[in-house]
Amino acid sequence: MDEQPDKTSTADPAAEPAVAPPPAPAPEPVAAPGPGAPSAEVLKAEQLSVYYGPKLAVQGVDMTIPTNNIVALIGPSGCGKSTILRCYNRMNDLVKTARIEGKVLYHGADLYSSHVDPVEVRKHIGMVFQQPNPFPKSIYDNIAFGPRVLRMKVDMDEVVERCLHQAALWDEVKDRLKQSALGLSGGQQQRLCIARALATSPDVLLMDEPCSALDPVATARIEDLMQELRKLYTIVIVTHNMQQAIRVADRTAFFTVEVPSDGDRYGVLAEFGDTDQVFNNPIDERTKRYVSGEFG
Ligand SMILES: Nc1ncnc2c1ncn2[C@@H]1O[C@H](COP(=O)(O)OP(=O)(O)O)[C@@H](O)[C@H]1O
Ligand SMILES: [Mg+2]
């Protein structure tokens, strides 16, 4: 993009507690990660390790996210699911001590190249968090937030309507767009956060346990919505709920924790494959134990 805001700047919509206003369609020719033509492999981690200060959090992850897939990241608490997810749109940049080794490619381009503007990255690769966190603004202004901050030249009414339709929320809110988003139910708020993430026209949505604060009915709505969204977007979801991974994901990545006798524990990717294979015919002994409920 034409400007290179400081990564800690409040102008970075992703730095807001909530959202992750991200991205525009993959194919837009940008100076940032410069996705060329959309590729079958949207995101690719190559020997990706993440440190917080001197402490190794996750080691040596190789994982390719195919386009228009839903990929679930599962595994015990602390194994590095959120850490890896945040590498995919450079949200870890906002953690001062975080440092990566290895590579993350986005449509074949190095996401961590010095030419890449993290704000531009988050425009293309959006994020939705565990706790629905709409801004204390109107429903309309929540969705308009990202495009406004990024000074996108768009027909805002059209963007708001499109995103609310895509997030399966339009019919419930079309008559109260100017009312506070905080008046919505938890499930509606989370769908609003999804709509907000779509407003910058991303091609990837990262979701970190997006249903864990929701009741089963609201959860089912989000899961149904994900099946619609995967037609247009690629989705990576962290979930602690194995049944949810089985219900929604095409592919599943199982992370586990290595506990060396002489050092600190760190996460590794133990197995990555079709969801059906990972749950019904796991190759790795650690996956077998986890999916059978023996540990974790
Ligand atoms: N901001 C942070 N600063 C320091 N350590 C962190 C930070 N975030 C996560 N970690 C550490 O990294 C490891 C992986 O954490 P996380 O990615 O949150 O795991 P998960 O999402 O699988 O529960 C844990 O040991 C955690 O304590
Ligand atoms: Mg987490």
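## Serine 201

Serine 201 sits in the loop that links α6 (186–198) to β7 (204–208). The model is predicted. Serine 201 is not a glycine, yet its phi is positive, at about 55 degrees.

Is serine 201 buried or exposed? It counts as buried, because 23 C-beta neighbours lie inside 10 Å. The cut-off for a buried residue is 20 or more.

## Alanine 168

Alanine 168 also needs a look at its backbone. This residue belongs to the loop between α4 (156–166) and α5 (170–173). Its phi is positive, about 55 degrees, although alanine 168 is not a glycine.

How many C-beta neighbours does alanine 168 have inside 10 Å? The count is 18, so alanine 168 is classed as partly exposed. Partly exposed covers the range between the exposed limit of 12 or fewer and the buried limit of 20 or more.

## Aspartate 264

Aspartate 264 is placed in the loop running from β9 (251–258) to β10 (266–274). Aspartate 264 counts as exposed because it has 11 C-beta neighbours inside 10 Å.

Which residues does aspartate 264 touch, leaving aside those up to four places away in sequence? The contacts are Lys55 and Leu56. Take the pair with leucine 56. Aspartate 264 and leucine 56 are separated by 208 residues in sequence. In space, their C-alpha atoms are 7.9 Å apart.

## Summary

Serine 201 is buried, alanine 168 is partly exposed, and aspartate 264 is exposed. Positive phi values of about 55 degrees occur at alanine 168 and at serine 201. Aspartate 264 contacts Lys55 and Leu56.

Terms used:
Residues numbered from 1 in each chain as written. Chains lettered and ligands numbered in written order. Predicted model: local features only at pLDDT ≥ 70, side-chain atom pairs only at ≥ 80, totals over all residues. Helix = DSSP H or I, 4+ residues; strand = E, 2+ residues; numbered from the N terminus. Contact = placed C-beta atoms within 7 Å.
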